Structures are given as C-alpha cells and as structure tokens.
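Here are my notes on this structure, as numbered points. Please keep the model open and look up each residue as you read.

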Amino acid sequence: MKRETLFSYAREHFKSEPEYLWSKLPGYAVLRHHDGTKWFALVMNVPGTKLGLKTDDVLDVLEVKVRPEYIGSLRKKEGILPAYHMNKEHWVSVLLSGPLTPKEIHELLADSHELTS
C-alpha cells in the first residue's frame, strides 16, 4: 500500500490529515484524532536495518496501537514488526510494502483509532 492511499483512507474514515511535525524528518507524518491532539498512527520512512531487516532500503512503515493481548500473535505475521518509534508493548510497525492486504492495514488503523480515543 502506498502512503497516499493510506492517507486517503484516514481522511475519508477518520477525518484525519497527515501532519509533518519534524523538519529534520520530512518523511514522518502523524495521524491524529480530528477532535483532539492524540495520535492514532505514525507513518515513517526508515532504513530496513533499523527495523532489524537485512536491507538498507528505506521503507514506509505505519505504526499503530494494538490490543496488548494481540501483540504476540501479530508480531508473528510477516510484515508486522515491533514498534520502531512508539512503545513496543502497545504499538507495532507495519511494512506498507509488505504482504498485508489493504483490508488488514485498514483494520489495524481502525483499531488504533479506537484504542487511542
């Protein structure tokens, strides 16, 4: 999934626009609840090696909050990794170019939106 496709989905379903908060990290975008300041997702471009992968390629990653009881089983899925930036007990990183379907990514995004409200 391309990040623009993800942003379109967030715009349509959650009334959230990506916010680029860091001038030194222009590829990092936050998605917030439209009626507040709480983040429900973070999109980043990160070298694969920083994610524990065997590639220097820069990859688009989505970080979402998940239910603690799902963390272990989710991390066993290809394309889902421990959170890179957020708390690893509550958040996971999802490779946008990975094997997850758009539906699976949308469900994770919706769960994160609900869990952070």
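1. Start with one definition: a residue is buried under 20% relative accessible area, exposed over 50%, and partly exposed in between. Lys103 has a relative accessible area of 58%, so it is exposed. Keep in mind that the model is predicted.

2. Stay with Lys103. It forms a salt bridge with Glu107, and the closest N and O atoms are 3.7 Å apart. Glu107 is partly exposed, with a relative accessible area of 42%.

3. Now look at His106, also found in helix α3, which spans residues 102-115. Is His106 buried or exposed? Its relative accessible area is 17%, so His106 is buried. Leaving aside neighbours within four places in sequence, His106 is in contact with Met1 and Tyr9.

4. Next comes the largest nonpolar core, which has 23 residues. Which of them touch the most other members? They are Leu62, Val64, Val94, Leu108 and Leu109. Several elements each supply at least two residues of this core, including α1 (3-14), β2 (39-47), β3 (58-65) and α3. Helix α1 gives the most, with five residues.

5. Take Leu109 as an example from that core. Leave aside its neighbours within four places in sequence. Leu109 is then in contact with Leu6, Tyr9, Ala10, Phe14, Leu31, Phe40, Ala41, Leu62 and Val64.

6. Turn to charge. Side chains of opposite charge can pair when their charged atoms come close. How many salt bridges does a search of the whole structure find? The search finds six. One of the salt bridges joins Arg3 and Asp60, with the closest N and O atoms 3.0 Å apart. This pair links distant parts of the chain: Arg3 is in helix α1, Asp60 is in strand β3, and 57 residues separate them. Arg3 counts as buried, because its relative accessibility is 13%. Asp60 has 27% relative accessibility, so it counts as partly exposed.

7. Another salt bridge joins the side chains of Arg11 and Glu17, at 2.7 Å from N to O. Arg11 counts as partly exposed, at 33% relative accessibility. Glu17 is partly exposed too, with a relative accessible area of 42%.

8. Finish with the rings. The count comes to four aromatic pairs. In one of them, Tyr9 and Phe14 have their ring centres 6.0 Å apart. Their planes lie at 70°, so the pair is edge-to-face. Tyr9 is buried at 18% relative accessible area, and Phe14 is buried at 10%.

9. Follow Phe14 onward to Phe40. Why is this pair edge-to-face? The ring centres are 5.4 Å apart and the planes are at 65°, and planes over 60 degrees apart count as edge-to-face. The pair links distant parts of the chain: Phe14 in helix α1 and Phe40 in strand β2, 26 residues apart. Phe40 is buried, with a relative accessible area of 0%.

10. Ring pairs link Tyr9, Phe14 and Phe40 into a cluster. Find Leu109 again beside these names: Leu109 is in contact with Tyr9, Phe14 and Phe40, among others.

Conventions:
Residues numbered from 1 in each chain as written. Predicted model: local features only at pLDDT ≥ 70, side-chain atom pairs only at ≥ 80, totals over all residues. Heavy atoms only, no water. Helix = DSSP H or I, 4+ residues; strand = E, 2+ residues; numbered from the N terminus. Buried < 20%, exposed > 50% of the residue type's maximum accessible area, 1.4 Å probe, protein only. Contact = heavy atoms within 4.5 Å. Core = buried A, V, L, I, M, F, W, Y, C linked by side-chain atoms within 4.5 Å. Salt bridge = Lys/Arg side-chain N within 4 Å of Asp/Glu carboxyl O. Phe/Tyr/Trp six-rings, centres within 6.5 Å; stacked < 30°, edge-to-face > 60°.
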